[in-house]
Amino acid sequence: MEHKRKCISCGEIKSRDELIRIMSEYNSENVVVQPNSTTFGRSVYLCYNKSCIESACKKNRISKCLKASIPSELKGQLLNELRNKENK
Ligand SMILES: [Zn+2]
């Protein structure tokens, strides 16, 4: 079965590779964008979509869903992911 995940911003359900994964690591409580598969923690997902990224940052949704504090550079990292995806 294909893994489906839900965007925390618009609520759309998409397959895993259509979403950006943001994880709060269990050990360090670092918040990482697109963690590798050996990292464990609580994850949320966002569409590769500027409006989803901006609205999630604005409403503090990532922080609430991860129950973690979000570094100020996270938004920039997310927008970078978006740019990388578009350039592929
Ligand atoms: Zn979305």
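**The whole chain**

Begin with everything selected: of the contacts in the protein with a separation of 6 or more, 53% are between residues 24 or more positions apart, a contact being two residues whose C-beta atoms, placed from the backbone, lie within 7 Å. This is a predicted model, in which local features need pLDDT of at least 70, side-chain atom pairs count only at pLDDT 80 or more, and totals for chains, interfaces and linings use all residues. Residues are numbered from 1 along each chain as its sequence is written.

Colour next by secondary structure, with helices (H or I, at least four residues) and strands (E, at least two) taken as DSSP runs numbered from the N terminus. The order along the sequence is β-β-β-β-β-α-α-α. The C-alpha trace spans about 30 × 30 × 25 Å along its principal axes.

Of the 88 residues, 19% are buried, meaning that 20 or more other C-beta atoms, placed from the backbone, lie within 10 Å of the residue's own; with 12 or fewer it is exposed, and in between partly exposed.

**Helix H1**

Select residues 50–58, helix H1, and display its buried residues, Cys52, Ile53 and Ala56. Viewed down the axis of H1, these fall within an arc of 100 degrees, so they line one face of the helix; the arc is that of the directions from the helix axis to the C-beta atoms. Turn to the other side of H1 to find Lys50, Ser51 and Lys58 exposed.

Finish at Asn60, which follows H1 and has a positive phi, near 60 degrees.
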